[in-house]
Amino acid sequence: VSDVAMNQRVTLNAVDGVDMKVPGGSFGVKKAVGAGTVWNEGFRGAGVGVAIIDSGVSRVKGLAGAGKVVYGPDLSFESQAANLTNKDTYGHGTHLAGIIAGRDPEAPADVKDGTYDYFLGVAPDAKIISLKVADRNGATDVSQILAAIDWVVQHKNDPGLNIRVLNLSFGTDGVQDYRIDPLAYAVEVAWKKGIVVVVSAGNGG
C-alpha cells in the first residue's frame with residue numbers, strides 16, 4: 001500500500017427556483033453560451049449521451065419524452081428503498097438535466113436561435129444518463145462518485161447510450177495533491193477515454 005485516502009464527504013449546492021426569462025435563468029444561459037447559433041447549424045445534441053452523477057433525475061414535463069432519460073445504477077444511501085431508487089429527492093440532478101437537455105413537448109422539432117418561448121436545455125435533443133449518488137440532503141461521498149465514474153467509463157459505448165459528456169456539479173475539499181487524489185484520477189481516466197468532463201466552479205464566487 002503506497003497511499004491511503006480519506007473518503008471525503010461531498011455536497012451538492014442548494015437549488016432555488018429559476019425564471020426562464022431573467023439573465024441568470026435558462027434564457028440567459030443559452031444566450032451567454034451562444035446555443036442558438038449552434039442550433040441554427042443543426043446541432044442540438046441528437047445522438048449524444050450526457051451522464052449526470054448527482055441526486056437522480058425525476059421525469060418532469062421537460063424530461064419525460066421517450067428515451068430522454070436512461071437510469072444507470074443508484075449508488076446513493078437511498079438505493080435500498082424501492083420507492084426512492086433513482087428518484088431525485090433533492091432536486092439538484094433534475095435541475096441540471098433541464099439546463100443540459102430539457103425539452104418542452106410543445107416545442108418545435110427544429111428549434112432555432114430565438115426559440116425561447118419554451119423550456120429548452122442547451123442541447124435539447126441530447127439523452128440524459130442519470131447516476132444517483134446523493135440523497136435528499138444532497139449528501140454523498142467520494143467512493144460513491146468513484147463507482148459512478150467507473151460505471152460511466154465502462155458503459156459509455158453501450159447500445160443507445162453513446163456517453164460523450166460527463167457532468168459533475170458538486171464540491172468536496174481536496175486534501176491531497178491532485179496527482180494522487182482518487183477523484184482527480186478518476187476524472188482523468190474518463191477524459192482519457194474520450195469523455196468530455198464538465199465540472200462546476202461552485203456558486204460562491
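## Stop one: salt bridges

Select Lys-61 and Glu-106: their side chains meet in a salt bridge at 3.2 Å, N to O (a salt bridge here is a side-chain nitrogen of Lys or Arg within 4 Å of a carboxyl oxygen of Asp or Glu). Lys-61 sits in the loop between S2 and strand S3 (69-71), and Glu-106 in the loop between H3 and S4, so this pair ties together parts that are 45 residues apart in sequence. Helices (H or I, at least four residues) and strands (E, at least two) are DSSP runs, numbered from the N terminus.

Some ground rules before you go on: this is a predicted model, where local features need pLDDT of at least 70 and side-chain atom pairs count only at pLDDT 80 or more, while totals for chains, interfaces and linings use all residues. Residues are numbered from 1 along each chain as its sequence is written, and side-chain values use heavy atoms, with hydrogens and water left out.

Colour Glu-106 by accessibility and you get a partly exposed residue, with a relative accessible area of 46%. Buried means under 20% relative accessible area, exposed over 50%, and partly exposed in between (1.4 Å probe, protein chains only).

How many salt bridges does the structure hold? There are six. Next, pick Lys-132 and Glu-78, whose side chains meet in a salt bridge at 2.6 Å, N to O. Lys-132 is in strand S4 and Glu-78 in the loop between S3 and H3, so the two tie together parts that are 54 residues apart in sequence. Is Lys-132 buried or exposed? Lys-132 is buried, at a relative accessible area of 0%, and Glu-78 is buried too, at 9%.

Now go to Arg-44 and Asp-110, another salt bridge, at 2.5 Å, N to O. Arg-44 is in the loop between helix H2 (35-40) and strand S2 (49-54), Asp-110 in the loop between H3 and strand S4 (127-132), and the pair links distant parts of the chain, 66 residues apart. Arg-44 is buried, with a relative accessible area of 10%, whereas Asp-110 is partly exposed at 44%.

## Stop two: the cores

Select Ile-53, Leu-131, Ile-145, Ile-149, Val-152 and Leu-166, the residues with the most contacts inside the largest nonpolar core, which has 24 residues. A nonpolar core is a set of buried Ala, Val, Leu, Ile, Met, Phe, Trp, Tyr and Cys residues joined through side-chain atoms within 4.5 Å. S2, S4, helix H4 (142-155), strand S6 (163-168) and helix H5 (182-192) each supply at least two of its residues. Which element gives the most to this core? H4 does, with seven residues.

Centre on Ile-149: leaving out residues up to four places away in sequence, its contacts (heavy atoms within 4.5 Å) include Ile-53, Leu-166, Leu-183 and Val-187. Then look for a second, separate core of twelve residues, among them Val-50, Val-57, Leu-96 and Ala-123.

## Stop three: helix H3

Select residues 92-101, which make up H3. Eight of its ten residues are buried, so H3 is largely enclosed by the rest of the structure. The buried ones, including His-92, Leu-96 and Ile-100, pack against S2, S4 and S6. Ile-99, also in H3, is partly exposed, with a relative accessible area of 34%.
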